[in-house]
Protein chains: 2
Amino acid sequence: MMRSHNCGELRLTDTTKIVTLSGWVQRSRDLGGMTFVDLRDRYGITQLAFNMETNKDLCMQARELGREFVISAKGEVVERSSKNKKNPTGEIEIVVQEFSILNVSKTPPFTIEDDTDGGDDLRMKYRYLDIRRNPVRQNLVLRHKMAIEIRNYLNNIEFIEVETPVLIKSTPEGARDFLVPSRMNAGQFYALPQSPQTFKQLLMVAGMDRYFQIVKCFRDEDLRADRQPEFTQIDCEMSFVTRDDILETFEGLAKHLFKVMKGIESITFDRMSYADAMKYYGSDKPDTRFEMRFTELNEQAQNKGFKVFDDAELVAGINATGCAEYTRKQLDELTEWVKRPQIGAKGLVYVKYNADGSFKSSVDKFFNQEQLKDWAIAMNAQPGDLLLIISGNTDPTRKALGELRLEMGKRLGLRKPDQFSCLWVVDFPLLEWDEEAQRYFAMHHPFTSPLPDDIEMLSTDPGKVRANAYDLVINGVEIGGGSIRIFDKDLQAKMFEVLGFSAEEAKAQFGFLMDAFQYGAPPHGGVAFGFDRWCSLFGGSESIRDYIAFPKNNSGRDVMIDSPSPVDIKQLDELGLKLNPATKS
Amino acid sequence: MMRSHNCGELRLTDTTKIVTLSGWVQRSRDLGGMTFVDLRDRYGITQLAFNMETNKDLCMQARELGREFVISAKGEVVERSSKNKKNPTGEIEIVVQEFSILNVSKTPPFTIEDDTDGGDDLRMKYRYLDIRRNPVRQNLVLRHKMAIEIRNYLNNIEFIEVETPVLIKSTPEGARDFLVPSRMNAGQFYALPQSPQTFKQLLMVAGMDRYFQIVKCFRDEDLRADRQPEFTQIDCEMSFVTRDDILETFEGLAKHLFKVMKGIESITFDRMSYADAMKYYGSDKPDTRFEMRFTELNEQAQNKGFKVFDDAELVAGINATGCAEYTRKQLDELTEWVKRPQIGAKGLVYVKYNADGSFKSSVDKFFNQEQLKDWAIAMNAQPGDLLLIISGNTDPTRKALGELRLEMGKRLGLRKPDQFSCLWVVDFPLLEWDEEAQRYFAMHHPFTSPLPDDIEMLSTDPGKVRANAYDLVINGVEIGGGSIRIFDKDLQAKMFEVLGFSAEEAKAQFGFLMDAFQYGAPPHGGVAFGFDRWCSLFGGSESIRDYIAFPKNNSGRDVMIDSPSPVDIKQLDELGLKLNPATKS
């Protein structure tokens with residue numbers, strides 16, 4: 001090894017040792033008589049000391065070292081006179097006896113510091129320099145530690161990691177597949193998996209009992225902010241289980257991760273139906289770090305002569321506790337905020353519950369103090385609170401009020417980054433109606449089992465059927481989801497029928513799974529977690545990109561390696577393909 | 001859970017417990033008064049007992065159960081009267097009180113037994129049934145355990161697993177890439193990685209110090225036997241190391257695996273130069289479980305009037321100890337064997353060193369007893385041994401003699417499956433001359449560092465330059481390989497020049513790496529192991545396919561899901577592609 005120790009491990013107890021360190025020059029300070037060089041590696045920073053009096057030549061050489069030069073230095077560990085308590089190695093320094101330059105460096109395009117001067121684009125292009133910075137490196141270390149913990153936890157409870165294939169088969173259902181042309185089977189294509197869903201179900205049919213995999217998945221989607229064309233799932237499946245067995249098993253995993261990664265010893269998991277989540281939070285992934293539930297006010301607020309409310313399907317509000325002092329300006333600004341197209345409300349009604357017990361609202365023309373008091377009682381409000389009310393059709397009203405709730409939570413400091421609230425949202429609808437395609441689509445995927453009580457409705461009222469499906473939501477972020485699967489071939493065939501597949505289409509696309517169900521498929525279910533997302537939640541960053549070593553940008557490009565890129569015509573010839581400029585975008 | 005215990009865990013100490021088991025009907029035996037059903041899951045087999053006298057109805061129902069039906073049964077654990085010591089649960093059985101059929105099964109297309117009646121093709125098509133068989137399932141469990149052990153071992157010595165991208169950039173160098181058309185960047189393509197080579201080097205430039213990844217890699221090669229288009233590597237890289245640091249680090253990993261996976265406490269690792277491996281074993285991956293080294297006989301055997309030898313570049317032989325009694329028929333058969341096109345020798349000369357000290361050879365016309373004795377001395381032979389000699393041009397002679405050595409090792413039982421011999425082959429040639437392309441190719445890849453002593457020859461005699469590269473060979477199987485990398489941008493540029501890249505081509509394909517080398521690249525090197533291969537070595541099977549859950553066949557097809565397959569023309573339109581029937585094979 002070109003070092004005896006790394007740059008993070010030497011302490012006062014090591015003084016008098018002769019050591020060799022290798023690393024990068026973080027900075028150097030020339031103080032006349034002394035020159036100090038901070039040497040950095042993955043493990044820390046150690047100060048190298050050069051003395052002009054005792055070793056002038058060496059000191060002069062050290063003064064030539066540029067930032068990010070790679071050097072190897074040998075010397076004695078000595079106690080520092082001026083100690084740096086912030087740095088674990090800050091009580092010692094190395095009095096260098098000899099050193100060699102292993103490699104030089106041009107001046108980096110941005111500073112290698114925790115707070116860098118480099119913009120996003122530049123840091124992406126030079127990602128290998130960005131990773132040298134503590135915050136980025138620590139994100140990757142956190143990701144590694146999480147993966148190790150997840151694997152060992154699941155291994156300890158009999159889960160087996162099985163690698164499923166990456167070159168699989170394209171299915172038109174769901175998001176777009178990436179295709180991979182086959183050279184040996186010209187004119188035919190593999191597809192990259194959007195998830196190993198069918199394979200993990202086949203592993204259950206195969207009797208593997210408990211499967212997991214931390215696995216790359218792929219979606220050729222138009223990339224919204226914070227989506228990546230390739231992402232990583234913690235994919236799991238179990239046999240002979242009910243929903244609650246699965247929720248408890250993975251609560252166990254989540255609790256373990258909270259403990260080892262965040263030092264949080266006790267955390268609870270609530271459960272809420274999709275219907276309640278929508279009714280009380282206007283979202284299927286409510287942030288439950290704070291209450292501020294919706295109160296529906298149709299009874300109290302309709303038929304009192306205010307046409308906007310009277311014409312509405314839903315009148316609902318939230319109680320912004322302690323906000324009665326909001327100024328007119330603040331309220332106008334909030335009103336504009338909810339009317340933005342992203343939120344989509346037509347307007348905002350407010351009621352101030354003043355400290356003196358009186359009410360002041362934007363609808364005083366239509367409602368008297370007594371009526372407003374009824375609202376306040378329904379909303380459990382106290383003097384000093386502010387009621388914010390939106391009305392209209394049910395779904396958009398809930399969505400807008402949900403956004404407003406999140407915004408007020410943020411403004412009131414109720415969404416604390418160091419607090420975690422975990423929630424299983426259960427009993428999702430099985431199907432979604434698509435107006436454009438005039439057909440139902442599976443809300444999760446076509447293998448999700450309906451709730452047993454609702455199976456009959458598949459024929460009579462498919463839109464009402466609830467799925468035996470669940471999502472894990474932490475702090476309003478969907479971390480994962482899954483379901484109990486259909487394991488009966490007739491029910492699966494029925495499901496394909498409801499989804500508008502002809503028997504032939506179902507067979508062509510999923511024949512192997514339908515076949516497998518004929519040979520003793522066990523009851524099974526599972527879950528998949530977004531690993532990138534979970535890392536970012538624990539790491540405290542908003543963007544999954546910060547937890548991916550070499551991410552792609554919003555156009556799906558890797559700007560560092562400059563990919564995707566044109567290929568040689570010969571390669572296309574071999575694949576039996578040619579470019580079709582007519583359809584080029 | 002639909003069970004209180006699994007089918008592998010109940011023992012005599014559990015008697016009188018009321019338990020619920022779920023699993024598959026392995027077989028049932030109807031003995032008149034009693035019916036026994038063997039219930040199977042991943043963990044084992046437990047016998048269910050049904051008594052015609054005490055519960056006739058239930059017993060009659062049990063008799064209807066077909067093979068591979070999925071059932072859940074509740075009953076009491078009782079001691080068996082006739083115990084089965086071969087089965088860990090064989091001392092007890094469950095007297096069933098009630099059971100339910102969770103799913104029925106058609107009769108499987110082959111028997112779910114250790115020795116099945118199913119042929120390869122059938123088992124591949126119904127892989128989910130094949131995995132139910134013990135040998136296949138155990139292979140996947142072994143693979144999982146190896147992966148867990150590898151990760152924990154490397155994690156404990158500061159290696160960090162970093163996921164590198166799967167959608168990367170095509171490079172014409174090396175094997176063929178799988179291409180992935182980009183929809184958002186029409187006319188452009190990603191490629192699937194043949195290895196994360198450049199990314200792991202960038203991670204070293206990024207200061208990650210010690211990286212590993214168990215990762216899928218892809219090669220669009222014409223599939224020879226036992227190759228897969230997607231395969232898994234244990235990919236590793238370290239900074240600030242010399243070759244020996246790397247060899248010692250990964251000997252540590254290998255020793256750990258031998259211990260935990262095979263129960264082998266002490267195993268040694270030899271080192272041999274590529275030159276010696278070729279000279280003494282005729283192979284860069286010699287099986288060193290047995291000696292039988294080549295002896296070169298040019299001095300002893302040439303210029304004695306035997307034209308075949310006199311015209312040969314090389315005369316070399318092996319000593320098949322104790323084989324002097326081989327019959328004429330056996331020797332003729334061996335001669336035919338080495339003359340097969342796969343072996344390619346022109347003939348085989350034998351010398352029997354008889355028990356009485358005399359010699360009998362196929363070249364008695366040209367060599368007298370004294371001369372043959374010289375050969376025997378050179379080859380360290382004793383009375384009773386058989387000398388087998390091949391001559392011709394050096395490379396084909398070595399290759400043929402190497403094959404003969406392996407064959408004789410096999411026939412003599414010297415290649416014991418439970419014995420392991422580990423060897424690092426070092427100092428490979430850096431370059432290979434390609435006659436057809438009239439240029440050098442990198443024997444490993446263009447990033448491999450030459451041995452420091454040989455760097456000067458890059459300009460004068462590139463073919464002679466040795467690489468700082470190494471392979472790990474176990475029992476004649478190449479398990480992995482790697483090298484110290486070039487980390488100097490000028491040397492890397494020189495290397496591209498020797499490989500016939502123009503400066504522009506080098507920049508277009510590897511510009512990001514050359515750029516990275518300008519910003520303080522540390523000395524680094526690494527290794528990659530074939531995970532599938534290592535599993536098969538430990539599992540005792542010849543084929544890596546046995547250790548892959550869902551392998552592809554020799555045409556790169558997954559016959560279970562029927563992939564690759566044609567896709568919708570709409571999908572191609574979106575990608576700006578069309579089929580090019582002119583080049584269709």
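User: How many residues of chain A are in contact with chain B?

Analyst: This is a predicted model, so every value here is computed from predicted coordinates. A residue counts as being in contact when its heavy atoms come within 4.5 Å of the other chain. On that basis, chain B contributes 126 residues to the contact, and the number of residues of chain A is 126.

User: What area is buried between chain A and chain B?

Analyst: Carbon and sulfur atoms give 59% of the area buried between the two chains. By class, the side of chain A that touches chain B has 65 nonpolar, 30 polar and 31 charged residues. The whole buried area between chain A and chain B comes to about 11600 Å².

User: Why can one say that the copies meet through the same surface?

Analyst: One can compare the interface residues of chain A with those of chain B. The copies meet through the same surface because the share of interface residues of chain A that are also interface residues in chain B is 100%.

User: Which rotation superposes chain A on chain B?

Analyst: In general, two copies of a chain are related by a rotation about an axis and a shift along it. Here the shift along the axis is 0.0 Å, and chain A superposes on chain B with an RMSD of 0.1 Å, the rotation being 180°. The two copies are therefore related as by a two-fold rotation axis.

User: How many salt bridges are counted between chain A and chain B, and which residue of chain B pairs with A:Arg143?

Analyst: Side chains of opposite charge can pair when their charged atoms come close. Between chain A and chain B, the count is twelve salt bridges. In one of them, with an N to O distance of 2.8 Å, the side chain of A:Arg143 meets that of B:Glu163.

User: Which residue of chain B stands opposite A:Leu579?

Analyst: Strand E23 (residues 577–579) of chain A and strand E23 (residues 577–579) of chain B run antiparallel and are joined by three bridges. Within this pairing across the two chains, the residue in E23 of chain B that stands opposite A:Leu579 is B:Leu577.

User: Which strands stand at the edges of the five-stranded open sheet in chain B?

Analyst: The five strands follow the order E12-E13-E16-E14-E15, and their pairing is antiparallel. Each edge strand has a single partner strand, so one side of each is left without a neighbour in the sheet. The edge strands of chain B are strand E12 (295–296) and strand E15 (359–361).

User: In the eight-stranded open sheet of chain B, what is the sense in which E11 and E17 pair?

Analyst: The order of this sheet is E6-E9-E10-E22-E21-E20-E17-E11, with mixed pairing, and strand E11 (269–273) is one of the edge strands. B:Phe269 stands opposite B:Cys422 in E17 of chain B. Over five bridges, E11 and strand E17 (residues 422–426) of chain B pair in a sense that is parallel.

User: Is the peptide bond from A:Ser563 to A:Pro564 cis or trans?

Analyst: A:Pro564 has its place in the loop between helix H16 (531–539) and helix H17 (569–574) of chain A. With omega near 5°, the peptide bond from A:Ser563 to A:Pro564 is cis.

Notes: Residues are numbered from 1 along each chain as its sequence is written. Chains are lettered from A and ligands numbered from 1 in the order in which they are written. This is a predicted model: local features need pLDDT of at least 70, side-chain atom pairs count only at pLDDT 80 or more; totals for chains, interfaces and linings use all residues. Side-chain values use heavy atoms; hydrogens and water are left out. Buried area is the accessible area (1.4 Å probe) that two parts lose on being put together, summed over both. A salt bridge is a side-chain nitrogen of Lys or Arg within 4 Å of a carboxyl oxygen of Asp or Glu. Ala, Val, Leu, Ile, Met, Phe, Trp, Tyr, Cys and Pro count as nonpolar, Asp, Glu, Lys and Arg as charged, and the others, Gly among them, as polar. Two strands pair if DSSP finds at least two bridges between them. Helices (H or I, at least four residues) and strands (E, at least two) are DSSP runs, numbered from the N terminus. Copies are superposed by least squares on the C-alpha atoms of residues with pLDDT of at least 70 in both.
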